[in-house]
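Subject: Structure handover

Hello,

Here is the structure we spoke about, with notes on what was found in it below. Please have it open while you read.

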Amino acid sequence: MKKYNVGIIGSTGMVGQRFITLLSNHPWFTITALAASGRSAGKKYSEAVAGRWKMNSDIPENVLDMIVLDANDIEGVTSKVDFVFCAVDMPKDQIRALEEAYAKAECPVISNNSAHRMTPDVPMIVPEINADHAQIIPAQRERLGTKKGFIAVKSNCSLQSYVPAIHPLLDLGVTKILACTYQAISGAGKTFETWPEMVDNIIPYIGGEEEKSEKEPLKIWGKIDGNKIVDADDIMITSQCIRVPVTDGHTAAVFVSFKEKVSIDDLKARMVNYKGRAQELNLPSAPKQFVYYFEENDRPQIKSERNLENGMAISVGRLREDTQYDVKFICMSHNTLRGAAGGAVLMAELLCAEGYID
């Protein structure tokens, strides 16, 4: 496989740090540029994150002395890389402008940000679910006036816990979904040290999360129509999103109704036997098994399941019949691995393997 030089825009934040830990020993990707805001630009990376490194492992040696570039120095960054990962903390309109500027400079952008998720010709890819949405990239390039540059985005971290479990069931005619998510504090870029108010606490509101949880799955399950992706229109989704005192790992309580009635055993088999394009291509970050099912009544649990398959698997349990919907179950995934940086790295692997990044 060809080797690629990659940059990380927003490298000093929590997701940027997670990108660094995932990419430092990646078989295909080599970090050759780190960028952040003007406050960090010009500093060694170790100086830029001094007192702010939030990963459990030490800062990888290969980036310790790397000089952080200004994220707005597009020419300086793009001269060093084949493509970039973007995880900046900025207002959405500024993120949209920055990502388009990189794309127009003929630098593909693999984004962890939400700014372009609902842009009709920007694919929002979960590699096991809608890898075919990459086929919209030529239409996006035509709009941008580029030959190589484009933007592809990763979906919201919370729906990565339950959308993968529902996807193998879609052909049964899913009609209604209720999803209540219980989200870790790392989803807000926080730790208990930086957010002591979360200790022994629950906050029943996360700004923007419920809207994303209700809209983004419809784009993931949508179809390409000409130069845009058209959302699925035959599924109704409602959600509530709650912040809970957990470091890493989002849990979801899910209720689903179908047009067709199917046995619980068949639903379980569909989940655990499902494989997507990431498994077919044997991508480096892809879990060998995408969805795990646990028969114990008290599983899945955050501590025992969040790191399955290097944090890239989905865990499901307590699948049973419901009195209002047809079935209900519990799902869980690692929000900064499968849900954030890891999902973006897997998407980049897919796009490289399929020839979209050259």
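To begin with one spot in the chain: Asn282 sits in the loop between helix 10 (277-280) and strand 12. Please keep in mind that this is a predicted model. Asn282 has a positive phi of about 55° although it is not a glycine. Its relative accessible area is 49%, so Asn282 is partly exposed.

Glu309 also has a positive phi, of about 55°, and is not a glycine. This residue belongs to the loop between helix 11 and strand 13 (314-321).

Another backbone feature is the cis peptide bond that joins Arg299 and Pro300, with omega at about 5°. Pro300 lies in the loop that runs between strand 12 (291-294) and helix 11 (302-305). As background, most residues other than glycine have a negative phi, and most peptide bonds are trans.

Now the chain as a whole. The protein chain contains 12 helices and 14 strands. Its radius of gyration is 20 Å, close to the 21 Å that the globule rule gives for 358 residues, so the chain is as compact as a globular protein of that length. The C-alpha trace spans about 60 × 50 × 35 Å along its principal axes. Of the 358 residues, 58% count as buried. Among contacts with a separation of 6 or more, 76% come from residues 24 or more positions apart.

Asn130 lies between strand 5 (109-111) and helix 6 (137-144), and is buried, with a relative accessible area of 2%. Its side chain reaches the backbone oxygen of Met124 at 2.8 Å. Leaving aside residues up to four places away in sequence, Asn130 touches Met124, Ile125 and Ile220.

Leu172 is in the loop between helix 7 (163-166) and strand 7 (174-183). Leu172 is buried, with a relative accessible area of 4%. Beyond residues up to four places away in sequence, Leu172 touches residues including Phe258, Val262 and Leu267. The C-alpha atoms of Leu172 and Val244 are separated by 33 Å, and the two residues are 72 apart along the chain.

Regards

Methods: Residues numbered from 1 in each chain as written. Predicted model: local features only at pLDDT ≥ 70, side-chain atom pairs only at ≥ 80, totals over all residues. Heavy atoms only, no water. Helix = DSSP H or I, 4+ residues; strand = E, 2+ residues; numbered from the N terminus. Rg over C-alpha atoms; globule rule 2.2 N^0.38 Å. Buried < 20%, exposed > 50% of the residue type's maximum accessible area, 1.4 Å probe, protein only. Contact = heavy atoms within 4.5 Å. Polar contact = N/O pair within 3.5 Å; in protein donor to acceptor, adjacent residues only side chain to side chain.
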